[in-house]
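Trainee: Could you walk me through how to read this model, one feature after another?
Mentor: Gladly; let us look at it together.

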Amino acid sequence: MVLITLEFGGGLDAITSAKAKTVACDVPAKTVGELIRWIRRHQVRERHEFFASGDGVLRPGVLVLVNEVDWELEGKMEYVLREGDTIAFISTLHGG
Amino acid sequence: MVCDRCRGGKAQIQRLRDRHRLCKACFFAEFEREVHETIVHHDLFQVGERIAIAISGGKDSVVLAHVLKELNERHQYGLELVLLAIDEGIHGYRDASLAAVKRNSSALGLPLVSLSYDELYDGWTMDRVVSQIGRTNNCTFCGVFRRQALERGARHIRANKLATGHNADDMAETVFLNLVRGDSARLRHSADVMTGALANGGTSPDETVHWLPRVKPLLYMYEKEIVMYAYWKRLDYFATECVYAPNAFRAFARDLVKELEALRPRAIIDTLTAAQALSRHADGVSAVGTVTAVKQCARCGYVSSQVICKACILLEHLRRGTGKEATHRHATRSVFSASDQTSCTESCAADQCKCP
């Protein structure tokens with residue numbers, strides 16, 4: 001287990017059970033890829049496809065930041081989680 | 001990993017246009033410079049103009065207002081900026097986003113003017129429209145009404161132009177939608193950076209009937225980067241889906257755009273470029289300025305591309321309780337007599353609805 005902070009932005013907080021923008025939790029995941037599957041199962045409560053598909057592919061248009069850095073620069077799904085990390089998920093899929 | 005631009009800061013974002021890895025400060029600088037280049041290259045504004053910024057409280061319009069204010073001061077455009085908000089009357093959605101609009105108005109120190117469907121359309125708020133027609137096709141009503149409402153609002157405040165926050169992803173979606181609907185008239189103008197203006201980029205002072213020029217300064221900016229700009233600048237935007245979304249067709253186009261973007265980001269800009277080339281071929285002029293034949297609506301007197309404007313047709317259907325039929329292809333025939341008719345040959349109807 002690793003203790004990290006999750007951040008949900010762009011309306012994603014509304015589909016999680018906590019309904020909060022920031023959630024601190026112990027997660028049984030080693031990588032961001034595993035984290036996405038875990039969040040889909042344990043944090044997202046409705047409209048799961050809005051976050052990720054059933055096989056754990058993040059919905060295109062949802063941005064990920066690893067400690068404020070674009071996950072494109074951090075190995076995306078392969079990024080290995082460390083204690084104290086902040087992982088932000090921000091949807092761009094809403095009206096503007 | 002260090003920033004590709006300043007070689008000093010920590011790289012925090014990978015740009016979609018060139019894969020450059022930038023620090024936050026360089027990202028802000030590049031983003032603002034690119035919007036400025038769009039404005040200068042396409043000659044979007046003239047010194048002394050009053051610009052109505054269409055603002056919904058969502059990410060795009062909030063970023064647009066923020067960046068325009070910044071650039072206007074930095075590069076001395078000499079513009080007078082006014083925020084223009086439309087209240088569609090959607091309880092639990094627009095009322096909350098209008099609160100964000102008001103906060104932005106105070107934070108930016110820009111005046112705000114609001115108009116509502118309730119006052120403009122004889123009490124037909126979107127909540128009331130949906131209570132008659134249900135949740136299918138309601139975006140058509142909202143888009144047609146919004147287009148006219150923005151036009152009316154901008155003229156009311158005597159603005160020279162209306163600026164909207166459409167981004168590259170939005171416009172690529174619209175290009176695809178017009179393509180698969182077979183709507184060639186709209187397709188060829190669907191990625192124009194300025195519409196409603198005369199070909200020389202100005203508006204004719206002696207021509208009383210014309211659409212107010214509309215400009216899209218964020219046209220070449222990717223949605224991802226608009227969201228990152230708003231997020232890192234801690235801008236106060238409202239990020240909830242419209243309660244009446246989604247229109248399945250647009251939702252599909254939206255997913256298509258995002259998937260193409262993941263494979264090859266350039267595909268989005270290339271889509272816009274293709275549509276702009278059609279615009280040039282069609283008019284023999286630059287894609288920047290397009291002229292649409294317009295007249296005045298025989299019912300409400302407002303600018304229209306048909307004898308009776310689309311908003312009046314939709315309103316008449318609502319009054320008669322036949323709103324569900326109003327979006328059918330030949331709905332006009334069933335509601336007005338043949339003498340009022342004309343075929344629609346130009347891009348007459350809806351604003352691009354941006355609901356997902």
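Mentor: Start with an annotation: UniProt, in an unreviewed entry, assigns "domain: Cytoplasmic tRNA 2-thiolation protein 1 C-terminal" to residues 296–323 of chain B. UniProt positions follow the numbering used here, feature names are shortened, and annotations may be inferred rather than shown by experiment. Over residues 296–323, chain B is 39% helix and 11% strand, with the end C-alpha atoms 23 Å apart. Helices (H or I, at least four residues) and strands (E, at least two) are DSSP runs, numbered from the N terminus.

Trainee: What should I keep in mind about the model itself?
Mentor: This is a predicted model, where local features need pLDDT of at least 70 and side-chain atom pairs count only at pLDDT 80 or more, while totals for chains, interfaces and linings use all residues. Residues are numbered from 1 along each chain as its sequence is written, chains are lettered from A and ligands numbered from 1 in the order in which they are written, and side-chain values use heavy atoms, leaving out hydrogens and water.

Trainee: Where does UniProt place the feature "binding site"?
Mentor: The unreviewed entry lists B:A54, B:I55, B:S56, B:D60, B:I86, B:G165 and B:D170. B:D60 belongs to helix α2 of chain B, and B:I86 to strand β4 (residues 80–87).

Trainee: Is B:I86 buried or exposed?
Mentor: Buried means under 20% relative accessible area, exposed over 50%, and partly exposed in between (1.4 Å probe, protein chains only). B:I86 is buried, at 5%, and B:D60 is buried too, at 0%. Contact means heavy atoms within 4.5 Å. Beyond its neighbours within four places in sequence, B:I86 is in contact with B:R94, B:L115, B:Y117, B:A149 and B:L150.

Trainee: How many residues of chain B are in contact with chain A?
Mentor: On chain B 30 residues take part, facing 22 residues of chain A. Buried area is the accessible area (1.4 Å probe) that two parts lose on being put together, summed over both. Here the two chains bury about 2200 Å², 57% of it on carbon and sulfur atoms.
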